[in-house]
Amino acid sequence: MARDAGPAAPARPLRRDAELNRRRILASAREVFGLRGLEATLDDIAHHAGLGVGTVYRRFPSKEHLVEAMFAERMEEIGTLAEEALKAEDAWQAFVDFTWQAAELHSGDRGLREIMLSNKFGHDHVAEEKARMVPLITQLVERAKAAGGLRTDFAPTDIPLVHMMIGSVVEFTCAVEPGLWRRCLAMLLDGLRAEPGRATELPHPPLDEQEVDEAMSCWRR
């Protein structure tokens, strides 16, 4: 009669050197994805981290595994911001604050921006976090309209377009004035008011003609 083998042994924790390599890979991925977007490869990340490609593939068998590890938590953070915004009494200001917070997060991280605006990358946990955000953002929009702050013809599906516009400004001006997107978002939010109000003080000066020329020279599709 076979003896009971008992409960399975718990998974061994990573060795110290393996855990250090994992952290090194994630730090490298954050920099590479943040700068170059999600078209960057695991080979690119290994090179940036100063590790062999095999080391990266042992920790993350595919880029999708690494994307999940990197961005599920970032998307959860944005969902949490939406939940907190829904607790605010001023529905218009809650909508404005959430829009600013989300833009601040993705303006300096091209990879996060691509995760937010594309279904090409990120499945499983990333997709779950995206799905969780849909009703939250819908509530933010509907509350702001019901309170008379947000124009009534604005739809929740306009939110990705707002962030796409801001992302385009980021990419066009990043080599000249990385913070210029804040000027554009302030003007955009003023235009989304249900009723004209006092114009928001713009948080960034405009580009001059030389800076526009420089941005046009640097920009690549």
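A pocket here is an open set of points on a 1 Å grid over the protein atoms alone, where a 1.4 Å probe fits, with protein on both sides within 12 Å along at least five of seven lines; lining residues have an atom within 4 Å of a point. This is a predicted model, in which local features need pLDDT of at least 70 and side-chain atom pairs count only at pLDDT 80 or more, while totals for chains, interfaces and linings use all residues. Residues are numbered from 1 along each chain as its sequence is written, and side-chain values use heavy atoms, without hydrogens or water.

Volumes are the space filled by probe spheres set on the points, with points joined across faces, edges and corners. Helices are DSSP runs (H or I, at least four residues) numbered from the N terminus.

| Largest | about 700 Å³ | α8, 6 residues |

Of the 23 residues lining the largest pocket, Arg110, Arg113, Gly167, Val170 and Glu171 are the closest to its centre. The second largest pocket has 19 lining residues, with Met116, Val134, Ile137, Ile159 and Pro160 nearest its centre. At least two lining residues of this second pocket come from each of α5, α6, α7 and α8.

Now to a helix pair. Helix α5 (residues 91-107) packs against helix α7 (residues 125-146) at about 140°, with axes 8 Å apart. Ile137 of α7 is also among the residues that meet α5, whose side includes Trp92 and Phe95; contact means heavy atoms within 4.5 Å.

How values were computed. Axes are lines fitted to C-alpha atoms, for helices over the stretch in contact, and angles run from 0 to 180 degrees between N-to-C directions.
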